[in-house]
Amino acid sequence: MATNAIGIGILGFGGFAMFAAQQFAQVPGAALRCIAGTHREASLACARRFGLADVERAEVLFAMPDVQLVYIATPPFLHHEQARDALRAGKHVIVEKPLAVTMEQADELVSLARDRRLLLVTNLMQRYNPLFGQIKALVDSKLLGDVLRGGFENYACDEGLRPDHWFWDPTKSGGIFIEHGVHFFDMFAGWLGSGRVESAGRVLRPGSGIEEQVYCTARYGDVPVTFYHGFTQAGRMDRQELRLLFEVATRTLASIFPGARIDVEHLYAPSERTFHARHKTYDAYQRFTLTSAPATKMTVYGDLLRAMLADQLAFIAEPSHPRVITEDNGRESLRMSVRATQLAASS
């Protein structure tokens with residue numbers, strides 16, 4: 001292990017944090033030091049396998065001289081206080097989404113990090129997904145013309161979320177938009193620019209009154225985008241659907257999505273090739289489907305976590321390093337999520 005490695009302390013060591021630790025341990029320049037804030041036997045056993053000390057209390061972790069970066073993976077209602085205390089102790093901070101549960105909390109953290117020249121990043125790791133970069137290249141190139149509409153539908157699993165889980169308590173999670181929706185507001189902002197939420201609603205589970213489904217319409221420039229998140233599915237039915245409507249399509253897509261399969265569905269005769277849309281004239285000789293087969297979900301997640309940490313460590317080593325995500329991503333995605341939550345509650 002390099003002597004100049006960045007020491008990482010992990011606050012909260014649930015299932016995802018344990019998975020993240022496995023990825024962080026593989027990143028050059030990173031050294032896992034300790035955990036705190038958990039009493040789960042499975043978590044403690046995992047920490048022992050990594051050779052990590054359990055210092056139990058957050059304040060002990062923040063005072064450790066061989067810890068330079070704190071990864072916070074606790075429930076959202078704890079993020080503000082824990083990130084604030086870590087920054088005050090002179091530690092860089094990576095916090096699981098969301099950054100906080102209110103804009104006042106987020107603004108305080110961003111201001112504190114900037115004043116002290118410390119890293120403060122929300123783990124919006126989808127920005128590191130190759131698919132994110134491919135879609136951004138597609139949008140920016142205007143290869144398919146303008147984006148006309150977008151949509152994201154998340155049919156999420158709730159099998160592991162027992163009725164008393166903190167996820168269902170909006171005072172602890174912030175609600176579905178804040179706890180979960182930040183990822184996807186951030187993705188569309190990366191493709192289309194800053195957005196605003198125009199309307200939102202929610203569905204409460206009969207008999208319990210918990211919020212189980214939320215939906216909203218946002219506008220990014222001139223592009224309307226709809227979002228739906230429902231925590232109603234069995235694990236084997238967990239799935240997400242992302243749609244972008246462009247003006248046209250072209251076979252040149254294969255250069256942006258290498259390895260994708262193209263299936264021709266229809267060949268147009270010369271008399272059929274001309275078509276019109278949005279008061280424009282186009283020439284098309286065939287209709288086709290392009291299919292790109294990504295790796296499994298957890299394989300992709302591992303890649304994203306390693307890429308995120310490597311990017312942030314590069315910034316710590318050299319502050320001029322241009323990062324994929326900064327403190328602004330956490331704040332802006334929270335802004336959209338807070339507004340959607342307010343509109344949904346008032347509906």
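## Aromatic cluster and aromatic pairs

In this predicted model, one aromatic cluster is formed by Phe132, Phe177, Phe185, Phe188, Trp191, Tyr220 and Phe227. A search of the whole structure finds 13 aromatic pairs. A pair of aromatic rings is described by the distance of the centres and the angle of the planes.

## Charges over rings

Two arginine residues may be examined next to aromatic rings. Arginine 239 lies over the face of tyrosine 155, at 4.6 Å from the ring centre. Arginine 323 lies over the face of phenylalanine 315, and here the distance from the ring centre is 3.8 Å.

## Nonpolar cores

The largest nonpolar core has 40 residues, and those that touch the most other members are Phe177, Phe185, Phe188, Leu192, Val197, Tyr220 and Phe227. Two or more residues of this core come from each of helix H6 (130-141), strand E7 (147-157), helix H8 (176-192), strand E8 (195-204), strand E9 (211-220), strand E10 (223-233), helix H9 (253-256) and helix H11 (327-346). H8 gives the largest share, eight residues.

The surroundings of valine 197 can be listed individually. Leaving aside residues up to four places away in sequence, valine 197 touches Phe185, Cys216, Thr217, Ala218, Met336, Arg339, Ala340 and Leu343. A second, separate core has 34 residues, including Val27, Leu44, Met308 and Leu313.

Helix H2 spans residues 41-50, and its residues Ser43, Leu44, Cys46 and Ala47 are buried. Viewed down the axis of H2, the buried residues fall within an arc of 160°, so they line one face of the helix. The cover over these buried residues includes H1, strand E2 (30-36) and strand E3 (53-56).

On the face of H2 that is turned away from the buried side are the exposed residues Arg48 and Arg49. Glycine 51 follows H2 and has a positive phi, near 75°.

## The chain as a whole

The chain contains 11 helices and 15 strands. Its radius of gyration is 22 Å, close to the 20 Å that the globule rule gives for 347 residues, and the chain is therefore as compact as a globular protein of that length. Taken along the principal axes, the box filled by the C-alpha atoms is roughly 75 × 50 × 40 Å.

Of the 347 residues in the chain, 49% are buried. Among contacts with a separation of 6 or more, 71% are between residues 24 or more positions apart.

Note on methods. Residues numbered from 1 in each chain as written. Predicted model: local features only at pLDDT ≥ 70, side-chain atom pairs only at ≥ 80, totals over all residues. Heavy atoms only, no water. Core = buried A, V, L, I, M, F, W, Y, C linked by side-chain atoms within 4.5 Å. Buried < 20%, exposed > 50% of the residue type's maximum accessible area, 1.4 Å probe, protein only. Helix = DSSP H or I, 4+ residues; strand = E, 2+ residues; numbered from the N terminus. Contact = heavy atoms within 4.5 Å. Phe/Tyr/Trp six-rings, centres within 6.5 Å; stacked < 30°, edge-to-face > 60°. Lys NZ or Arg CZ within 6 Å of the ring centre and 35° of its normal. Arc of directions from axis to C-beta. Rg over C-alpha atoms; globule rule 2.2 N^0.38 Å.
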